[in-house]
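The following exercises are to be worked through with the sequence and the model at hand. Each task is followed by a solution in steps.

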Amino acid sequence: MPGTISVDTTSQVFTASRQPDPDLCLIHTTEVWGWPPYAGGGEAPHVTVKPIPGKGIAVRVHRPPTDVGKSLANRPGGVETNRRGVWQLELMGTCDPSRKDELYYWPDADDVVLSALAEFVRPTLVRFRIPFRAVAPFLPYPKSYGSKGGQRLSFTEWNTARGICGHQHAPENDHGDPGAFPIARFIQHLNQEDDMPSVKELVDALLSAKVVPAPMLGEREQLVAIPRSEELSMRWALEARDNAIQARKLAEAQALKGKALTKDEVKAALEEALAESVDIEATLTVRPAAPEVTQ
Ligand SMILES: [Zn+2]
């Protein structure tokens, strides 16, 4: 059973202009605990991920992948960094071995957290055909700081890279995060299809979840937060999860009602969604072709 994933698409949403469809996924570590304010959005990535050791992850979505993320430095001239078409994730915690005892240490990330992260990230990678492979080796921090370790991409490499990288690989940048992020283990989880929840698991989770707008959910409550009738947020929720048809039905039912649903109403909406998903079952291959699987 995969770890839990709670996705909050309302608490910290920032607007930005569009970027080309991402063909690169870039990982940061925040080096602090708590949700960074990101200067009101001016330094925000697309997504922040909080690890819950041994249990899963809590995610805040800040922008859709087709908008510009803003967690990279960009010097005048040279290449576009934030605007090249790169999907940026900030992982709450550290990559600095000297701070191992204070913060969640991503190089030693536990497999429940890592598989939950893979499960969250996979649909976006598949959607944009971002290959499940590292574009360069991930060096440990502090070796990864600056460019002396030789891991940072040249302008040409940066512009043509497709796959997964870290802040330590971005040109025009000095930061060494996410250090020795366990990229090989992460890719294994990405390739492990049985990390995907079955429809039954998803329905069970939805049935036991409280269906309320995300801001009303407590920190430790069950995962399904359906934003109320806000079309944009709803679309993000759909992008984030593979089996989103149930979520959409619930959101629709809730939007119609304008307040939280009773358990019976949740059940009715789910039954409708399941009926609809029977039709979809046969055409599941409509999803984008699987990306190249390389390590
Ligand atoms: Zn960074």
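**Exercise 1.** Determine the handedness with which H1 passes H3, and identify the residues that make the contact.

*Solution.* H1 passes H3 in a right-handed crossing; a crossing is right-handed if the near helix is turned clockwise from the far one by less than a right angle, and left-handed if anticlockwise. Helices (H or I, at least four residues) and strands (E, at least two) are DSSP runs, numbered from the N terminus. The model is predicted: local features need pLDDT of at least 70, side-chain atom pairs count only at pLDDT 80 or more, and totals for chains, interfaces and linings use all residues. Residues are numbered from 1 along each chain as its sequence is written.

Next, take the geometry. The axes of H1 and H3 come within 8 Å and cross at roughly 60 degrees, the axes being lines fitted to C-alpha atoms, for helices over the stretch in contact, with angles from 0 to 180 degrees between N-to-C directions. H1 is therefore oblique to H3 (under 35 degrees is roughly parallel, over 145 roughly antiparallel, 65 to 115 roughly perpendicular, the rest oblique).

Finally, list the contacts (C-beta atoms, placed from the backbone, within 7 Å). H1 contributes Leu 114, Ser 115, Leu 117, Ala 118 and Arg 122, and H3 contributes Arg 185, Phe 186, His 189 and Leu 190.

**Exercise 2.** Which residues of H3 are buried, and what covers them?

*Solution.* In H3 (residues 183–191), the buried residues are Phe 186, Ile 187, His 189 and Leu 190; buried requires 20 or more other C-beta atoms within 10 Å of a residue's own, these atoms being placed from the backbone. They lie on the same side of H3 because they cover an arc of only 155 degrees around the axis, taken from the directions from the helix axis to the C-beta atoms. Their cover includes helix H1 (111–127).

Key. A residue is buried if 20 or more other C-beta atoms lie within 10 Å of its own, exposed if 12 or fewer, and partly exposed in between; C-beta atoms are placed from the backbone. Two residues are in contact if their C-beta atoms, placed from the backbone, lie within 7 Å.
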